[in-house]
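This report is meant for someone meeting the structure for the first time.

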Amino acid sequence: MDKQECIERQLESALLEGRWGVFERLPSERGLAEAFGVNRATVRAALRALAGRGILETRRGSGTVVRALPGDARHAAGTFADYLAAFRILMPPLVAASLPAVSPSVILELERLLPSAGASLRNGDMKTFIQAQIRFFSILIRVLGNPRLEDAASRVLPDGLALARLLQECTLPQCENVFAQLARLLSALRHADAGAAAKAVEGYATILLALQEAR
């Protein structure tokens, strides 16, 4: 593995660990080069490669921002509705499968996340609301403990920018319905109810898919 590939892997790992969230800006090329102990050309090549895969987006004058989590594969053919449909099929059983590994510390992490999502929705902060949703499911993917399952799940996570475009066109009650499904999911996780957890995830995806198809 050459230096560029090594930096790509390290950046992907940092994104999956939540070091930077969707829409957040990465440090400058100089800062990343110093952090990773490589030259700026290597960092620039790694950033360009990740941008080509739809994970990052370079904006003139504002640096590089996170577009989606690794594994989203947004460069592949398919509409946002296709991804939501895949999410509705794949995520319910995967979330149910994650239940044995959902420890009290994971529940606490989710409990801290959900109120911030609700507050951001009430305050009209759609960016934080969407980040919280993606982070919520990323936490559940992380505890699966099976690389193949984690990869399958991360590939159908909603694209942050596409989700933003969708929800910004929705009414507050519609967004509250989305939030309500996350609250139901957290309740199911607290009670270790796999059936209710799967149903909440399916409900979440169904609402988003209906909103997308109504556009």
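A salt bridge, as the term is used here, is a side-chain nitrogen of Lys or Arg lying within 4 Å of a carboxyl oxygen of Asp or Glu. By that rule the structure, which is a predicted model, holds 6 salt bridges.

**Salt bridges**

| Pair | N to O distance | Relative accessible area, Arg | Relative accessible area, Glu |
|---|---|---|---|
| Arg-67 and Glu-57 | 3.5 Å | Arg-67: 21% | Glu-57: 25% |
| Arg-142 and Glu-109 | 2.9 Å | Arg-142: 39% | Glu-109: 24% |
| Arg-190 and Glu-111 | 2.7 Å | Arg-190: 46% | Glu-111: 29% |

The side chains of Arg-67 and Glu-57 meet in a salt bridge. Arg-67 belongs to the loop between strand 2 (63-66) and helix 4 (80-98), while Glu-57 sits in strand 1 (residues 56-59), so this pair ties together parts that are 10 residues apart in sequence. Arg-67 counts as partly exposed, and Glu-57 is likewise described as partly exposed.

A second salt bridge joins Glu-109 to Arg-142. Because Glu-109 lies in helix 5 (residues 104-122) and Arg-142 in helix 6 (residues 126-142), the pair ties together parts that are 33 residues apart in sequence. Glu-109 is partly exposed, as is Arg-142.

**A buried glutamate**

Is Glu-8, another charged residue, buried or exposed? Glu-8, whose place is in helix 1 (residues 3-16), has a relative accessible area of 11% and is therefore buried, since the cut-off for that class is under 20%. Leaving aside residues up to four places away in sequence, Glu-8 touches Ala-46, Ala-49, Leu-50 and Arg-53.

The domain assignment divides the chain into domain 1 (3-66) and domain 2 (80-214). The centres of domain 1 and domain 2, taken over C-alpha atoms, are separated by 25 Å.

Where the domains meet, 9 residues of domain 1 are in contact with 8 residues of domain 2. The size of an interface is often given as the accessible area lost when the parts come together. For domain 1 and domain 2 the area buried between them is about 680 Å², with 65% of it on carbon and sulfur atoms. Of the area that domain 1 buries against domain 2, 68% is supplied by Leu-16, Val-22 and Phe-23, which is more than any other three residues supply.

How many salt bridges does the rule find across the interface of domain 1 and domain 2? The rule finds 0 salt bridges there, and among residues at pLDDT 80 or more it likewise finds 0 residue pairs in polar contact across this interface.

Definitions and conventions: Residues numbered from 1 in each chain as written. Predicted model: local features only at pLDDT ≥ 70, side-chain atom pairs only at ≥ 80, totals over all residues. Heavy atoms only, no water. Domains from an automatic or database assignment. Contact = heavy atoms within 4.5 Å. Buried area = accessible area lost by both parts, 1.4 Å probe. Polar contact = N/O pair within 3.5 Å; in protein donor to acceptor, adjacent residues only side chain to side chain. Helix = DSSP H or I, 4+ residues; strand = E, 2+ residues; numbered from the N terminus. Buried < 20%, exposed > 50% of the residue type's maximum accessible area, 1.4 Å probe, protein only.
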